[in-house]
Amino acid sequence: MTVPHRLLLVNGPNLNLLGTREPGIYGSQTLADVVQLVTDAAAAHGFDVRAVQSNHEGVLLDAIHDARTDCAGIVINPAGLTHTSVVLRDALSAVALPVAEVHISDVREREPFRHHSYVADVAVVHVIGEGVPGYVTAVGRLIDVITGQSEG
Ligand code: CA2
């Protein structure tokens with residue numbers, strides 16, 4: 001079977017507020033900027049992008065399940081669900097696509113409750129604390145995994 005040239009970009013709860021609040025932590029770029037950057041980075045490698053952001057966990061789970069049929073990998077910033085959600089982790093594990101986990105801020109340097117990620121060990125790429133440009137780094141590294149140029 002040929003590998004689809006499409007990535008799913010998932011942004012979790014509250015990331016619709018990017019660029020409107022807390023610029024000291026998350027910068028001033030918006031969610032629309034993130035989607036454009038990821039779309040352009042993927043296009044440079046011949047991939048297109050389906051983007052979803054939701055404040056509802058079930059919507060994110062459905063999008064991840066749907067990716068099974070037509071995506072080659074998933075770039076995800078699970079936001080606060082990173083630290084709480086076994087069901088999100090189970091969905092990512094179930095679809096068995098390569099996953100890149102992105103965090104804009106350096107969660108390792110923040111409150112202790114942000115230090116654990118339920119997603120970390122189902123992801124093959126981790127980009128943490130590089131700001132919004134970290135999404136672009138994640139796309140490049142994930143596509144290297146998909147195309148067999150890297151183990152992750
Ligand atoms: O650093 C990240 O990317 C996070 O995933 C962002 C989450 C946070 O819960 C994680 O620990 C780290 C928060 C997303 C909320 O985004 C906002 C953006 C602008 C203003 C307010 C919230």
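Modeller: Accessible areas here come from the Shrake-Rupley method with a 1.4 Å probe. On that basis the protein, a predicted model, exposes about 7,400 Å², with carbon and sulfur atoms supplying 52% of it. Of its 152 residues, 45% count as buried. The protein has 5 helices and 5 strands, in the order β-α-α-β-α-β-α-β-β-α from the N terminus. The C-alpha trace spans about 45 × 30 × 25 Å along the principal axes.

Now the interior. In soluble globular proteins, nonpolar side chains tend to be buried together. The largest nonpolar core holds 26 residues, of which Leu-7, Val-75, Tyr-135 and Val-139 touch the most other members. Two or more residues each are given to this core by β1 (6-11), α2 (31-43), β4 (99-103), β5 (125-128) and α5 (133-146). The largest share, 7 residues, is that of α5.

Val-75 shows how these parts meet. Beyond its neighbours within four places in sequence, Val-75 is in contact with Leu-7, Leu-8, Leu-9 and Val-10, with Ala-100 and Val-102, and with Tyr-135, Ala-138, Val-139 and Leu-142. A second, separate core has 21 residues, among them Val-10, Ala-67, Ile-74 and Val-119.

For the chain as a whole, 73% of the contacts between residues at least 6 apart in sequence join residues at least 24 apart.

Conventions:
Residues numbered from 1 in each chain as written. Predicted model: local features only at pLDDT ≥ 70, side-chain atom pairs only at ≥ 80, totals over all residues. Heavy atoms only, no water. Helix = DSSP H or I, 4+ residues; strand = E, 2+ residues; numbered from the N terminus. Buried < 20%, exposed > 50% of the residue type's maximum accessible area, 1.4 Å probe, protein only. Contact = heavy atoms within 4.5 Å. Core = buried A, V, L, I, M, F, W, Y, C linked by side-chain atoms within 4.5 Å.
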